[in-house]
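Please walk through the strands, sheets and helices of the following model. The account starts with a pair of hairpins and then moves on to the sheets and the helices.

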Amino acid sequence: MTVSVKDLTLKFGALTVLDKLNLDIADGEFLVLLGASGCGKSTLLNCIAGLLDISGGQIHIKGRNVTWEEPSQRGIGMVFQSYALYPQMTVEGNLSFGLKNARIPRHEIAKRVARAAEILQIEPLLKRKPAALSGGQRQRVAIGRALVRDVDVFLFDEPLSNLDAKLRADLRVELKRLHQRLSNTMIYVTHDQIEAMTLADRIAIMKGGTIQQLASPAEIYNRPVNKYVAGFIGSPEMNFFDGKIDGMDFVADGARLPLQGYEFTRGRTDGPAALGIRPEHIAAGDAARAMPFSIEANVDLVEPMGSDTLVWTKIGGTDVRLRMDGQATVGRGDALLVGFDPSRFSVFDKASEERL
């Protein structure tokens, strides 16, 4: 393991922010810490970086206990949300400043700066100052400043959140290519689920200072461990029906949805439950006829989105969203046959909200 966090506890007075948190990150892995504001993801990153003094537990990097070492001694490079570039220096000066302070030989500094500039495609910008750069170019320079340190672990704290949508998408691709090229361990904090799903080898979804689920993007998307994770991942979010399990059916608003084909995680038990299904897993029209369960519903609202169309309808007393092809011709008030495949369901215990 490149990074190992063992029983990490962080307290601010009587407030416990992180409580005995454990996390192992493999060599060369791209791990994303994902969660809403205040969940503890940036706090955890700052603990790994050494920017916060922890209250208990240990942090190991490359097999070395760095719990009480200074950030500069931990073998990490960090990229923050703000670019934090020196405005009076050129790009080349910003990249080399930390190396000069560390008394790295001049020829080695030039070699590292040239390598970082090549990787990030900022070679034509080396003589410019930050004021003459776009937001995306400034963020590349900020990443380059971490790259020149030649470290084992890179830490990113929401580095794309200050950029517009197109720049975020462009730099997201560049970050993924950068990881594929370098194969360094990267830990990345974000509240943006698209960034998490597209970048990560594994995602750690956090809530209230704890890790709710740690798994691959596909596992989290298709088999969320609890209702919170299921609702947090996905845009638009998963549809939920409140009801109960009765034998091999889920019963809600008088309708019985068969559960044959659903893989229970903890075994089937009768009782109150919530059933979730993602909008893109609901069949509509002719495709619904082949589903084990189908029902006719009226269209309430249509949101054309170009590549697909989001359709709102109501089943029983529950608002339901489903995703259709962008060329679908449906309108408000139309009758629409919708169908469900039980293998696509996620069923949660009503009390604990854990996956069943």
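In strand 13 (residues 255-258), Asp249 has Pro258 as its bridge partner; strands here are DSSP runs of E with at least two residues, helices are runs of H or I with at least four residues, and both are numbered from the N terminus. This is a predicted model, in which local features need pLDDT of at least 70 and side-chain atom pairs count only at pLDDT 80 or more, while totals for chains, interfaces and linings use all residues. Residues are numbered from 1 along each chain as its sequence is written, and side-chain values use heavy atoms, with hydrogens and water left out.

Strand 12 and strand 13 run antiparallel and are joined by four bridges; two strands count as paired if DSSP finds at least two bridges between them. They form a hairpin with two residues between them, and Asp253 in the turn has a positive phi of about 50°. Strand 12 also has strand 11 (residues 239-246) as an antiparallel neighbour, through three bridges. Here Ile245 has Phe250 as its bridge partner in strand 12. This hairpin too has two residues between its strands, with Gly247 in the turn at a positive phi of about 65°. Both faces of strand 12 (residues 249-252) are covered: Asp249 and Val251 are buried on one side, Phe250 and Ala252 on the other. Buried means under 20% relative accessible area, exposed over 50%, and partly exposed in between, with a 1.4 Å probe and protein chains only.

Six strands form one in the order 6-7-8-3-9-10, with mixed pairing. Its edge strands, each pairing on one side only, are strand 6 (76-79) and strand 10 (210-215). The twist averages 15° from one strand to the next, where axes are lines fitted to C-alpha atoms, for helices over the stretch in contact, and angles run from 0 to 180 degrees between N-to-C directions. Helix 4 (residues 135-147) lies across strand 6 and strand 7 (153-157), running at about 170° to strand 6. Helix 5 (residues 165-182) packs on the sheet and touches strand 3 (30-34), strand 7 and strand 8 (185-190), contact meaning heavy atoms within 4.5 Å.

Five strands form another open sheet, antiparallel, in the order 15-19-16-17-18. Strand 15 (282-284) and strand 18 (318-325) are the edge strands, and the twist averages 45° from one strand to the next.

Finally, helix 1 (residues 41-49) is largely enclosed by the rest of the structure, because eight of its nine residues are buried. Just after this helix, Gly50 takes a positive phi of about 90°.
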